[in-house]
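Student: I would like to check the terms used for this model one by one. Please set each value against its definition.

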Amino acid sequence: MTEHRSDLLRLLDSRGYIHQLTDAAALDALAAKQIVPGYIGFDPTAPSLHVGSLVQIMLLRRLQQTGHKPIVLMGGGTGKIGDPSFKDEARKLMTDEVIASNVASIKRVFERFLTFGDGPTDAVMLDNAEWLDRLEYIPFLRDIGQHFSVNRMLSFDSVKLRLDREQSLSFLEFNYMILQAYDFLELSRRAGCRLQMGGSDQWGNIVNGIELSRRVDGTEVYGITTPLITTADGGKMGKTMSGAVWLNDDQLSAYEYWQFWRNTDDRDVGRFLRLFTDLPLDEIARLEALEGAEINEAKKILANEATRMCRGDAAADEAAETARRTFEEGSAGEALPTLAVAGGSIGIVDALVGLGLCASKGEARRLIQQGGARVEGEKVADDQLAVAVAAAPVRVSAGKKHHGLLTPAE
């Protein structure tokens, strides 16, 4: 681990956030002597961010914890295009109304992770639609476009991979990296921003912004990228059998969120504790050294801490108690996902999909064929089974760790 002068780089390095740095020595010196405003952009492609964005939110939290100023940049402008980085195809274009609705919904989750206000290290939230929507095409091409080499833009992996696969890359998407670079220039001017952070797939976009700020204004700015967060089995962080692990509580219950962390692979526990909780490093070292059945206690602590941070104390406590009652006492907890059933019964396939335990009917049938579906603990052998739902809730399970309740409709 590199020796750093600043609390910021020491903390990021010790907890595993750093993949690449631009001019590490200069950024370290700057962070050691003054408050550094830093930003990360989030495009509002859905009403909620998911766990895949959490390492970036935690990066802003670490920035604030070490005495610097987080800037949350909502992509109300860039969201009208969609980032082509490492995507196989263009994103579906959204209307202004959908974008505005998504921005409003996403904003809520940041207030749990950051302290907002008017102080020197208080977080602020900006929207790049404020300046991007006002750009005039010819002046923008003349003043900003002249600083970009198409040859170089074509060499970036995010573009090159699409072209190598002979997949279409629209001129609209090609402009995305120019607009993101312009965001950094604009934030440097408006908010004294000196740092852009992002995932490793954003390296080319960040470098573009650094070079643009230097060429146009002569301002030195910096970049940090985080490693791609994958699970120990090579899977993408936040992808589960039931779909995305959403951060907003109206998209995913606190119990399901808690359960996602509780189901962490043994090999990932220490790394996830460092990235996604505020527990001290010595405590994390103790927990990740646990072996056998004891590692489950570390997983519960991870689930409690991560849920507490994102959903609050009450939601975390309720989720933990539901899990305890479900798994230790065999009774049904109150925070399990539920589905109200009209007419007294429901097909097992519809029940698995309706509870979010399977993403599709085909997946539900495969689960049944493999012996992974249960009703009240009894294995389901027939995918045509009708589950009777009378007065009491009926517990449906997908594997050993995913459960839901069928309740009679009122």
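**Burial, spans and contacts**

Student: Which residues of H4 are called buried?

Tutor: In H4, the buried residues are Ile99, Asn102, Val103, Ser105, Ile106, Val109, Phe110 and Phe113. Buried stands for a relative accessible area under 20%, exposed for over 50%, and partly exposed for the range in between, with a 1.4 Å probe and protein chains only. The model is predicted: local features need pLDDT of at least 70 and side-chain atom pairs count only at pLDDT 80 or more, while totals for chains, interfaces and linings use all residues. Residues are numbered from 1 along each chain as its sequence is written, and side-chain values use heavy atoms, with hydrogens and water left out.

Student: What do the buried residues of H4 pack against?

Tutor: Their partners are strand S2 (37–42), H3, strand S3 (69–74), strand S4 (124–127) and H15. Contact here means heavy atoms within 4.5 Å. As background, an α-helix has 3.6 residues a turn, so residues three or four places apart point the same way.

Student: Why is the span of helix H10 said to agree with expectation?

Tutor: For the 16 residues of H10 (residues 176–191), the rule gives 22 Å, and the end C-alpha atoms are 22 Å apart, so the two agree.

Student: What makes H10 largely enclosed?

Tutor: Of its 16 residues, 13 are buried, so the rest of the structure largely encloses H10. Just after this helix, Gly192 has a positive phi of about 65°.

Student: What about Lys299, buried or exposed?

Tutor: Lys299 is at 6%, so it counts as buried. Lys299 belongs to helix H15 (residues 295–311). With residues up to four places away in sequence left out, Lys299 is in contact with Trp261, Arg262, Thr264, Asp265, Asp266 and Val269.

Student: How do you know that Pro37 is buried?

Tutor: The value for Pro37 is 10%, so Pro37 is buried too. Pro37 lies in strand S2. Pro37 and Arg194 are 157 residues apart in sequence, yet their C-alpha atoms are 5.9 Å apart. Apart from residues up to four places away, Pro37 touches Lys69, Ile71, Ala191, Gly192, Cys193, Arg194 and Leu195.

Student: Why is Asp164 called exposed?

Tutor: Asp164, in helix H8 (residues 157–164), has 53% relative accessibility, so it falls in the exposed class.

Student: What makes Glu220 partly exposed?

Tutor: Its relative accessible area is 39%, so Glu220 falls in the class in between. Glu220 sits in the loop between helix H11 (203–217) and strand S6 (222–226). Outside four places in sequence, Glu220 contacts Arg194 and Arg214.

Student: Which class does Asp23 fall in?

Tutor: Asp23 is partly exposed, at 47%. Asp23 is in the loop between strand S1 (20–21) and helix H2 (24–33). Phi of Asp23 is positive, near 45°, and the residue is not glycine. Most residues other than glycine have a negative phi.

Student: What does the secondary structure of the protein chain come to, and why is the chain called as compact as a globular protein?

Tutor: The protein chain has 18 helices and 15 strands. Its radius of gyration is 24 Å, close to the 22 Å of the globule rule for 410 residues, so the chain is as compact as a globular protein of that length. That radius is taken over C-alpha atoms, and the rule is 2.2 Å times the number of residues to the power 0.38. Of the 410 residues, 49% count as buried.

Terms used:
Helix = DSSP H or I, 4+ residues; strand = E, 2+ residues; numbered from the N terminus. Expected span 1.5 Å × (residues − 1).
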